[in-house]
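The following note was prepared for a colleague who asked for a reading of the fold. The points are numbered and may be taken in turn.

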Amino acid sequence: MNGINYRLLTIIMPVYNHCDNIRRNLENTIPLVIPYKNDVSIYVSDNASSDGTRELVEKYVRNYPDIVSYHCQQKNITASPNFNHAVHSVNSEYCYILGDDDFIFPEFLPSVLSLMNKYPDIGWFHINSIKGICEGKESVLYQNELLPPFIELYKNGGDLISHHLYTPSFISSNVFKRSLWLCGAPQIKEDCNGYVWFSILCFGALNYKSAYYSIPLLLAGFPEKAAYIHNWIWYYIQGFGQLFLHLDKQIPGIYQRWIKYQQKDNWRQTMMLIGDVVYDKNLYLEREAAISKHIQNRLMKSYFHNCIHYYPKWFVKYISNNFFRLIKLISIIKRKF
C-alpha cells in the first residue's frame, strides 16, 4: 500500500474478483476526485482477488500516487471484515464505502464536502440514490422523497434508522465519521447475516447526530443476476430481524416497527420474496427455524413453511406470484379512481 497523507474524506472501494467493475469505478471516480485531491483520496481494499485486480489497481496507484492507495488481503476475509479493516487503515475524518458496481454522480463530492463544512457535528450522512438495473436500465429513485429542504437532521443515528428503516443498509448511501465506525466496531453483531457491517454503523451512530439528504447523488448498480440473490431471503428476514432485535435494546420498539414495515405495510413484496425459497428448498430447510423466528404474520409463516415443504415451483411462479401481482394492480386502480 502506498502512503497518502491525511484527508478530510476517504472513498473506500472494496473489491473481490470484480476487475471490470473496479476499473469502471476508478475511471469514473478519479476525474471527480482530482479537483478535490487535497481533501479526498481513494483506498481500494482488495479481498484477495485472483482475477487481475491487483495488477489493474497498481497501475492507477502509479499514475495517481497522490489520490489512490491499495491494500490486498492475504486471503479472503469476507465482506464485512474487509470493510472494517479498510476503515481502520485509512487516514481521514470521514469515510465513504463505495460498492464496486455503484457510481457517484459529478455532484457527489461538492455536495458532500459542502454538507461536511455546513454540519460539522453530523457524524452520519445517509444519501439518497438512483437504483438502476444493469448499469442504469430501469432506473428508479431509491426513496421518493425529493422535497425541500432536502436534508433532515436527527439528534442521533437511532432516530435516522427509525425514520428510514432499511434504506441506509445500502452500503454506498452512507458517509460517516471514521470515529463513529471505530465506536461501533467493538459492538459488531456477527449473527446479522448479510448486515454485519451495518451493525457496526448502526451501533456507532447511536451517539452521533445524523442526517438524511434526499437529493440522489449516486447510481446503485443492481445486476440482473446478483451473486447474493440466493441469500437475499436470508438477509432480508433473518439478517435484518436479528439486527433490529439487537437494536431494540437501545431503540425501544424498533424491532416491531421493522416487523410492521416488512410484514404488514409491504406484505405483498415480502410474500413474493419468500416464494423464491422454492428454488433453493434444501438450503432453506436448514434455515427455516432461524427465519421463522422473525416472521410474526401467521399467513406469511404458513406460506414460508409450505413453500419449503410442499409447493412446487410452478405453483409459486404462475399461481401465487400472479395472485400477488393482481392484488397490487387492484390497489393501484383503487388509488387512481
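1. Two strands are taken to pair if DSSP finds at least two bridges between them. With that in mind, the bridge partner of Asp 46 in β3 is Cys 72. The strands concerned, β2 and β3, pair in the parallel sense over five bridges. The model under discussion is a predicted one.

2. The sheet as a whole is open and consists of eight strands, in the order β3-β2-β1-β4-β10-β6-β11-β9, with mixed pairing. From one strand to the next, the twist averages 20°.

3. Towards β2 (residues 40–46), β1 is joined by seven bridges, and the two strands run parallel. Met 13 has Val 44 as its bridge partner in β2. The chain passes from β1 to β2 by way of helix α1 (residues 19–33), and this β-α-β crossover is right-handed. Towards β4 (residues 92–97), β1 is joined by five bridges, again with the strands running parallel. There the bridge partner of Thr 10 is Cys 95.

4. Helix α2 (residues 53–63) lies across β1, β2 and β3, and runs at about 155° to β3. Helix α4 (residues 108–118) also packs on the sheet. The strands that α4 touches are β1, β2, β4, β6 (122–127), β9, β10 (174–177) and β11 (209–213), and the direction of α4 makes about 130° with that of β1.

5. How do α8 and α11 cross, and at what angle? The axes of helix α8 (residues 232–247) and helix α11 (residues 281–292) come within 10 Å and cross at roughly 15°. Angles under 35 degrees count as roughly parallel, and α8 is therefore roughly parallel to α11. The crossing of these two helices is left-handed. On the α8 side, Trp 232, Ile 233, Trp 234, Ile 237 and Gln 238 take part, meeting Tyr 284, Arg 287, Ala 290 and Ile 291 in α11.

6. Apart from neighbours within four places in sequence, Ser 292 is in contact with Lys 301 and Phe 304.

7. Ala 185 counts as buried because its relative accessibility is 12%. Once neighbours within four places in sequence are set aside, the contacts of Ala 185 are with Asn 84, His 88 and Ile 200. A further reference point is Phe 203, which lies 18 residues from Ala 185 along the chain; the C-alpha atoms of the two are separated by 8.2 Å.

Conventions:
Residues are numbered from 1 along each chain as its sequence is written. This is a predicted model: local features need pLDDT of at least 70, side-chain atom pairs count only at pLDDT 80 or more; totals for chains, interfaces and linings use all residues. Side-chain values use heavy atoms; hydrogens and water are left out. Buried means under 20% relative accessible area, exposed over 50%, partly exposed in between (1.4 Å probe, protein chains only). Contact means heavy atoms within 4.5 Å. Helices (H or I, at least four residues) and strands (E, at least two) are DSSP runs, numbered from the N terminus. A crossover is right-handed if, with the strands pointing away from the viewer, the path from the first strand over the helix to the second runs clockwise. Axes are lines fitted to C-alpha atoms, for helices over the stretch in contact, and angles run from 0 to 180 degrees between N-to-C directions. Angles under 35 degrees count as roughly parallel, over 145 as roughly antiparallel, 65 to 115 as roughly perpendicular and the rest as oblique. A crossing is left-handed if the near helix is turned anticlockwise from the far one by less than a right angle, and right-handed if clockwise.
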